[in-house]
Amino acid sequence: MSAEQAARAEPEPEQEQESRHAGVLRFYDLAKRAEWQVRDVPWSELPPIPEGKGSPQRQARRRDVWRSVIMQQLQADVFACEMSAQLLNAAPDPEAKLYYSTMVQDESRHTEAWLKLIGQVGGEGERDPHLDNLAHMFLEADTLEEKVFLMQVFFERLIIPRFRLIARSSRGTVLEDLCNRLAVDDGIHHGAGMAYERVLLEDATPKVKGELVDAANRMLPEFAAHALWRPQARQFIGNLMEARDRERLKTELEHGVRLAGSLGLDVSSVELPY
Ligand SMILES: [Fe+2]
Ligand SMILES: [Fe+2]
């Protein structure tokens, strides 16, 4: 199953009438079926990251680049553990709790895998300050509607093309294998968030809905800074790729805004940060 298939697994209209939680439960089943174990990753068959060529200095520099890529994902998944635990605690509906119990396990498994991988390439590195800012924003959001919206509708969706990109440039490695697994999982996390946000917004007041758009406006510039941020190790490629990254970011953010619109939010006052 691909991330797109997972994210598209929306309930049929007649199913939705059956129960307002049918969508969320469907993602619970999907999550159970897609569950994997850290031991399933081909740790001993594949190299952890692409093997470098050239002088020892060049190889060391390449390794630092990959290490910084892994560090950013590790940082994101440690934060996702805290966030999914918050969602599990905050969700009042038993069906949503059931689903979030699987998401907590996913994020914790992702963290375990990144910790293992980063251990093989020299340990933790520089933190992305924008990701820390995003984490604070999400963790301190006032309402459940806002948390689901920021984390699952936006963040988890925006992260999927990033996994694709990393996978494409790290063929035949553990890193590629992990990115493919995480793209599927985050497709499910995003799809489940869309389904649950729809349920939550059925009863939401216009004030709550307006606050979601305000929250998106606070989050988008920070997300853009996160997407374009380069640690020391990647500064030299950062400059080369910046124009392409900006283009990609624009497409991703516009897609996010369309999704928000599809939830019935008035996105006319969303300000895109470019
Ligand atoms: Fe994750
Ligand atoms: Fe996730």
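Arg181 lies over the face of Trp36, 5.0 Å from the ring centre. Arg109 also lies over the face of Trp36, at 5.1 Å from the ring centre. The model is a predicted one.

**Aromatic pairs**
- The count of aromatic pairs comes to seven.
- In one of them, Phe79 and Phe155 have ring centres 6.1 Å apart and planes at 75°; the pair is therefore edge-to-face, as the angle is over 60 degrees.
- Phe79 belongs to helix α4 (residues 56-90) and Phe155 to helix α7 (residues 144-168), so this pair ties together parts 76 residues apart in sequence.
- Phe79 and Phe155 are both buried.
- Phe138 and Phe155 are edge-to-face too, because their planes stand at 85°, with ring centres 5.9 Å apart.
- This second pair links distant parts of the chain: Phe138 sits in helix α6 (residues 129-139), 17 residues from Phe155 in helix α7.
- Phe138 counts as buried, because its relative accessibility is 0%.
- Phe155 has a relative accessible area of 4%, so this residue is buried as well.
- Ring pairs join Phe79, Phe138, Phe155 and Phe223 into a cluster.

**Leu253**
- Leu253 is part of helix α10 (residues 235-262).
- Its relative accessible area is 0%, so Leu253 is buried.
- Leu158 is 95 residues from Leu253 in sequence, yet their C-alpha atoms are 7.5 Å apart in space.

**Helix α3**
- Helix α3 (residues 22-34) has 13 residues and should span 18 Å at 1.5 Å a residue.
- Its end C-alpha atoms are 18 Å apart, which agrees.
- The buried residues of α3 are Ala22, Gly23, Val24, Phe27, Leu30, Ala31 and Ala34.

How values were computed:
Residues are numbered from 1 along each chain as its sequence is written. Chains are lettered from A and ligands numbered from 1 in the order in which they are written. This is a predicted model: local features need pLDDT of at least 70, side-chain atom pairs count only at pLDDT 80 or more; totals for chains, interfaces and linings use all residues. Side-chain values use heavy atoms; hydrogens and water are left out. Helices (H or I, at least four residues) and strands (E, at least two) are DSSP runs, numbered from the N terminus. Buried means under 20% relative accessible area, exposed over 50%, partly exposed in between (1.4 Å probe, protein chains only). The expected span of a helix is 1.5 Å times one less than its number of residues. Rings of Phe, Tyr and Trp (its six-membered ring) pair if their centres lie within 6.5 Å; planes under 30 degrees apart count as stacked, over 60 as edge-to-face and the rest as tilted. A charge sits over a ring if NZ of Lys or CZ of Arg is within 6 Å of the ring centre and within 35 degrees of the ring normal.
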